[in-house]
Amino acid sequence: MDERRMVRISKYLAKHLRHNPQRIGITLDAGGWVPVDVLLRATAEHGFPITAEELREVVAANDKRRYAVEDGRIRASQGHSVPVELGLPALEPPEVLYHGTIGRFVAAIKKEGLRPMNRHHVHLSPDRETAMRVGARRGVPVVLVVAAGTMHGDGHPFRRSDNGVWLADLVPPAYLRFP
Ligand code: HQG
């Protein structure tokens, strides 16, 4: 499969497995899962047929491992706006995590801290390079340093998605270091 088709399929999956399953008439279960055969049938019925082989390839080759397949079911590993309970256990984070954003948001973040906005969690990166890439989706990236160890010690829970993204409910400004 060429790269363009791969990216198109991945974006199509993100749209329907994270945000708008009803658009193609599928229902996610409480954990965000849908049977693979149901998904494939729905894609065909809604004008964007994906083959089982293509789906396998996208799940396996996806740069961020955005999708997990288990027992004939598929889900997005993170990034939902629809209510799902991913069932991730709380976990002790590394001392420091990173968040990539852009300059335009910094004043509000200084005041309010990091908020989940349209998602369920604030997404944090394990290293500066990843955070740079996340910020660069929107413009010139600004990387904030999160005192995750201290925050965890103060009782804030952290989770990690199946694809290594750290998740917090919010990050109060006191735990943020700005460049
Ligand atoms: C900002 C991609 C104003 C925040 C990436 C971000 C990630 C605030 C934006 C994943 C704010 C939300 C998530 C506040 C936070 N005031 N702005 N108080 N608090 N923000 O897309 O972290 O490709 O929901 O800095 O790789 O950018 O989808 O979050 O700029 O892992 O798999 O509000 O999305 O993964 O944007 O990205 P998002 P994000 P995928």
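The ligand is surrounded by 17 residues, with Thr101, Phe105, Ala108, Glu112 and His123 the closest; a residue counts as near if its C-beta atom, placed from the backbone, lies within 6 Å of the molecule. This is a predicted model: local features need pLDDT of at least 70, side-chain atom pairs count only at pLDDT 80 or more, and totals for chains, interfaces and linings use all residues. Residues are numbered from 1 along each chain as its sequence is written.

Helix 4 (residues 103-112) contributes the most to the shell, four residues. Helices (H or I, at least four residues) and strands (E, at least two) are DSSP runs, numbered from the N terminus. By class, the shell has seven nonpolar, six charged and four polar residues; Ala, Val, Leu, Ile, Met, Phe, Trp, Tyr, Cys and Pro count as nonpolar, Asp, Glu, Lys and Arg as charged, and the others, Gly among them, as polar.

The largest nonpolar core has 18 residues, and Leu97, Tyr98 and Trp166 are among those with the most contacts inside it. Such a core is a set of buried Ala, Val, Leu, Ile, Met, Phe, Trp, Tyr and Cys residues joined through C-beta atoms within 7 Å, buried meaning 20 or more other C-beta atoms within 10 Å of the residue's own, with C-beta atoms placed from the backbone. Strand 6 gives the most to this core, with four residues. A second, separate core of ten residues includes Leu13, Leu28, Val58 and Tyr67.

Strand 2 (residues 67-70) and strand 3 (residues 73-76) run antiparallel, joined by four bridges; strands pair if DSSP finds at least two bridges between them. Glu70 has Arg73 as its bridge partner in strand 3.

Methods:
A residue is buried if 20 or more other C-beta atoms lie within 10 Å of its own, exposed if 12 or fewer, and partly exposed in between; C-beta atoms are placed from the backbone.
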